[in-house]
Amino acid sequence: ETAQIIAAGIGYDARNIATDERLKEYNVGAAQGEPLRGMTAQKLIHFPGAEDPQDFAKRVTAVLQEIKAMPGTILVVAHGGVSRLIECLKEGKDPENFYDMPKQNNAEILELDLSWLSEST
């Protein structure tokens, strides 16, 4: 929905928006629907049914590798957990600590430099 709003605002044909399930938000398992404000990464990742942070990192990294290989400018629209994970990986930190990274504001625009991403990451 956010990508469609942006597309309308910049005159981009929304029919050309591509979605990728690998960029969906981190699955918090039993914490779904619970307030997460002030929660630590270690508590978040240990809820029953929570996604393994390594798996989260693998799926997001796979998309980033593909985006890095694309020509031109690519707009990525994602939720806070994804942006926190990207910053965590960029800083070389363990994906288990992604939720302890500073959060971005809603609708914040960030330039994503993928030069840190190696072919083997």
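Contact here means heavy atoms within 4.5 Å. The structure is a predicted model. Its chain averages a pLDDT of 92, and 98% of the residues score at least 70. Confidence is highest in helix α3 (residues 53-69), at a mean of 97. Confidence is lowest in helix α2 (residues 41-44), at 92.

Helix α3 has 17 residues. From its first C-alpha to its last, α3 reaches 24 Å, close to the 24 Å expected at 1.5 Å a residue. Its buried residues include Phe 56, Ala 57, Val 60, Thr 61 and Leu 64. Pro 53, Arg 59, Val 63, Gln 65 and Ile 67 are also buried in α3. Part of the cover over the buried residues of α3 comes from α4.

Helix α4 spans residues 80-90. Here the buried residues are Gly 81, Val 82, Arg 84, Leu 85, Ile 86, Cys 88 and Leu 89. The cover over them includes α3. Just after α4, Gly 92 takes a positive phi of about 75 degrees.

Two packed helices are described by the angle between their axes and the distance between the axes. The axes of α3 and α4 come within 10 Å and cross at roughly 85 degrees. Angles of 65 to 115 degrees count as roughly perpendicular, so α3 is roughly perpendicular to α4. On the α3 side, the contact is made by Phe 56, Ala 57, Val 60, Thr 61 and Leu 64. These residues meet Gly 81, Val 82, Leu 85, Ile 86 and Leu 89 in α4. The residues of this contact divide into eight nonpolar, two polar and no charged.

How values were computed:
Residues are numbered from 1 along each chain as its sequence is written. This is a predicted model: local features need pLDDT of at least 70, side-chain atom pairs count only at pLDDT 80 or more; totals for chains, interfaces and linings use all residues. Side-chain values use heavy atoms; hydrogens and water are left out. pLDDT is the predictor's confidence in each residue, from 0 to 100. Helices (H or I, at least four residues) and strands (E, at least two) are DSSP runs, numbered from the N terminus. Buried means under 20% relative accessible area, exposed over 50%, partly exposed in between (1.4 Å probe, protein chains only). Axes are lines fitted to C-alpha atoms, for helices over the stretch in contact, and angles run from 0 to 180 degrees between N-to-C directions. Angles under 35 degrees count as roughly parallel, over 145 as roughly antiparallel, 65 to 115 as roughly perpendicular and the rest as oblique. Ala, Val, Leu, Ile, Met, Phe, Trp, Tyr, Cys and Pro count as nonpolar, Asp, Glu, Lys and Arg as charged, and the others, Gly among them, as polar. The expected span of a helix is 1.5 Å times one less than its number of residues.
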